[in-house]
Amino acid sequence: MDQTPRATVTASGQERPRPTGAHPADHPVEAAGSLGQRLDDEDYPAYSMGRAAEILGVTPAFLRSLGAAKLIEPLRSEGGHRRFSRYQLRLAARARELVDAGTQLEAACRIIILEDQLAEALRINEELRQRH
């Protein structure tokens, strides 16, 4: 049974709607172009646990700790393996920066959540300004 969500959860816990067809279960790979479009989607779960850890220069345990701290919730493959999107890798990279600077993991996650909420509020404000 596929347990992956149909939206990406932001660091602040809000769902960021997934573009139509961006979820791997929405459309089977029909052509190389289709795969290319999904890989361009920052919410597409393209990276395995091992690859994500390698890219970030962290251990898989660090990535699991970010999940336990509710900063990121990796999507799961049909086999139950964690899959990470580029958006989630950016959050994890920011967490690593803060932890490397001496911030405790829980505090780093809270900072990132607040940064994400602020960015979303600023985006909404700008969108509303443009409408009026």
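Colleague: Why is Ser85 called buried?

Modeller: Its relative accessible area is 1%. Buried means under 20%, exposed over 50% and partly exposed in between, with a 1.4 Å probe and protein chains only. Ser85 is therefore buried. This is a predicted model, where local features need pLDDT of at least 70, side-chain atom pairs count only at pLDDT 80 or more, and totals for chains, interfaces and linings use all residues. Residues are numbered from 1 along each chain as its sequence is written, and side-chain values use heavy atoms, without hydrogens and water.

Colleague: Where is Ser85, and what does Ser85 touch?

Modeller: Ser85 sits in the loop between strand S5 (82–84) and H4. Helices (H or I, at least four residues) and strands (E, at least two) are DSSP runs, numbered from the N terminus. Not counting residues up to four places away in sequence, Ser85 touches Glu42, Asp43, Tyr44, Pro45 and Tyr47. Contact means heavy atoms within 4.5 Å.

Colleague: What makes H2 and H4 oblique to each other?

Modeller: Helix H2 (residues 49–56) and helix H4 (residues 86–100) pack at about 45 degrees, their axes 10 Å apart. Axes are lines fitted to C-alpha atoms, for helices over the stretch in contact, and angles run from 0 to 180 degrees between N-to-C directions. Under 35 degrees is roughly parallel, over 145 roughly antiparallel, 65 to 115 roughly perpendicular, and the rest oblique. H2 and H4 are therefore oblique.

Colleague: Which residues meet there?

Modeller: Ala52, Ile55 and Leu56 in H2 meet Leu89, Ala92, Ala93 and Arg96 in H4.
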